[in-house]
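Subject: Structure handover and notes

Dear colleague,

Please find below the structure that I am handing over to you, with my notes after it. I would be grateful if you could read the two side by side.

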Amino acid sequence: MQKLRDLPIEGVAERLGLRVSRHKSLCPFHEDSHPSLSFRVSKNTYRCFVCGASGGTIDLVMRHLHVDFREACRWLADEHNIIIEEWKPQTSDISPQTSFDASRYERFFERPWLNEEARRFLFDERRLDPRVVGWCRLTSWKDKQGVAWLQIPYYNKEGQLVGIQNRNLVRGALPRFRFPQGSECGIYNLPVLNLLRPGEQLFITEGCSDCWAMLSSGHKAIAIPSATLLTNDVRGKMEEVRDKLDIQFHMYPDRDEPGERLFLQLQKVLPSLVHHQLPPDCKDFSDFYTLNIKD
């Protein structure tokens with residue numbers, strides 16, 4: 001829960017569709033023609049000095065989306081790729097499992113299988129190169145309710161399975177993502193680092209979908225989990241890549257304030273990071289890719 005509360009309040013507001021400028025926006029909770037909703041970055045809170053609405057990240061989502069606490073937490077976790085565990089009572093003689101048991105899942109990715117929903121999502125909607133889907137070892141499954149899920153494995157640089165992200169293939173359904181207990185879903189597609197030659201380009205994207213599009217475009221790429229959640233662990237790993245590999249870093253930030261903010265945060269770690277501008281009609285690189293790929 002603390003990870004959700006610590007998400008930058010202005011980034012959460014932007015994800016909800018509010019336009020933030022100089023730490024203020026129009027208040028969505030009353031008729032507002034002059035920005036009266038103020039964000040206090042140091043406290044990570046918001047307050048409207050007209051209608052009195054106030055609180056933190058979870059409160060903002062609850063009130064704006066008209067959902068309860070549980071659904072607000074789930075929305076925040078889904079939007080920012082945060083793994084949250086469901087609380088379960090523990091008996092005194094059973095210790096909770098906190099580490100990821102890769103041996104339970106490795107066999108699913110030895111012979112990946114894509115159901116109809118997954119193939120439609122990856123090839124019809126995203127128009128990805130089948131070789132990329134194979135490289136990433138994407139597979140699929142259905143739960144007891146018949147809901148189709150895309151299963152996305154995360155590997156470390158040595159090729160060891162360290163986490164899994166399950167993506168709901170039903171448009172608009174919640175939860176959007178599910179994670180096995182203990183999954184480490186930090187930087188995505190780290191094995192590609194083993195293929196880089198000195199002086200070669202490495203593109204940094206936001207999320208797996210943009211990474212797949214970048215790979216399908218013929219570029220080597222990794223993905224950062226979220227524009228509003230650049231953790232110290234991710235920073236440390238990026239510094240390690242910078243220091244060990246003689247490569248060029250490039251990025252197409254999403255066309256929104258969180259995307260630009262992520263670029264600036266990464267540029268502090270990677271001073272030579274090259275900024276590429278997306279066209280006005282593309283919100284992210286996946287859009288750019290699908291609009292420009294030829295049949």
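This is a predicted model: local features need pLDDT of at least 70, side-chain atom pairs count only at pLDDT 80 or more; totals for chains, interfaces and linings use all residues.

Residues are numbered from 1 along each chain as its sequence is written, and side-chain values use heavy atoms, with hydrogens and water left out.

Salt bridges

Side chains of opposite charge can pair when their charged atoms come close. With a salt bridge taken as a side-chain nitrogen of Lys or Arg within 4 Å of a carboxyl oxygen of Asp or Glu, a search of the whole structure finds 12 of them. One of these joins the side chains of Glu206 and Arg15, at 2.9 Å from N to O. Because Glu206 lies in strand 9 (residues 201-206) and Arg15 in helix 2 (residues 9-15), this pair ties together parts that are 191 residues apart in sequence; helices (H or I, at least four residues) and strands (E, at least two) are DSSP runs, numbered from the N terminus. For accessibility, buried means under 20% relative accessible area, exposed over 50%, and partly exposed in between, with a 1.4 Å probe and protein chains only. On that scale Glu206 is buried at 14%, whereas Arg15 is partly exposed at 27%.

A further salt bridge brings together the side chains of Glu200 and Lys220, at 2.8 Å from N to O. This pair links distant parts of the chain, 20 residues apart, with Glu200 in the loop between strand 8 (177-178) and strand 9, and Lys220 in the loop between helix 7 (208-216) and strand 10 (221-224). Glu200 is buried, its relative accessible area being 17%.

Lys283 and Asp284 also form a salt bridge, and their closest N and O atoms are 2.9 Å apart. Of these two residues, Lys283 is exposed, at 54% relative accessible area, while Asp284 is buried, at 10%. Salt bridges that share partners also join Arg197, Glu200 and Lys220 into one network.

Helix 7 and helix 10

The axes of helix 7 and helix 10 (residues 285-292) come within 8 Å and cross at roughly 40°; axes are lines fitted to C-alpha atoms, for helices over the stretch in contact, and angles run from 0 to 180 degrees between N-to-C directions. Helix 7 is therefore oblique to helix 10, given that angles under 35 degrees count as roughly parallel, over 145 as roughly antiparallel, 65 to 115 as roughly perpendicular and the rest as oblique. The crossing is left-handed, a term used if the near helix is turned anticlockwise from the far one by less than a right angle, with right-handed used if clockwise.

Which residues make this contact? With contact meaning heavy atoms within 4.5 Å, Ser209, Asp210, Ala213, Met214 and Ser216 in helix 7 meet Phe285, Ser286 and Tyr289 in helix 10. By class, the residues of this contact are four nonpolar, three polar and one charged, where Ala, Val, Leu, Ile, Met, Phe, Trp, Tyr, Cys and Pro count as nonpolar, Asp, Glu, Lys and Arg as charged, and the others, Gly among them, as polar. Helix 7 is mostly covered, nine of its nine residues being buried, and just after this helix Gly218 takes a positive phi of about 100°.

Helix 8 and helix 9

Helix 8 (residues 232-244) packs against helix 9 (residues 257-269) at an angle of about 50°, with the axes 9 Å apart, and the two helices are therefore oblique to each other. Helix 8 passes helix 9 in a right-handed crossing. Arg235, Met238, Glu239 and Arg242 of helix 8 make the contact with Gln265, Leu266 and Val269 of helix 9, a set with three nonpolar, one polar and three charged residues.

Single residues

Leu7, in the loop between helix 1 (2-5) and helix 2, is buried at 1% relative accessibility. Asn115, in the loop between helix 4 (69-80) and helix 5 (116-125), is buried at 4%; leaving aside neighbours within four places in sequence, Asn115 is in contact with Ser140, Trp141, Lys142, Ala148 and Leu169.

With best regards
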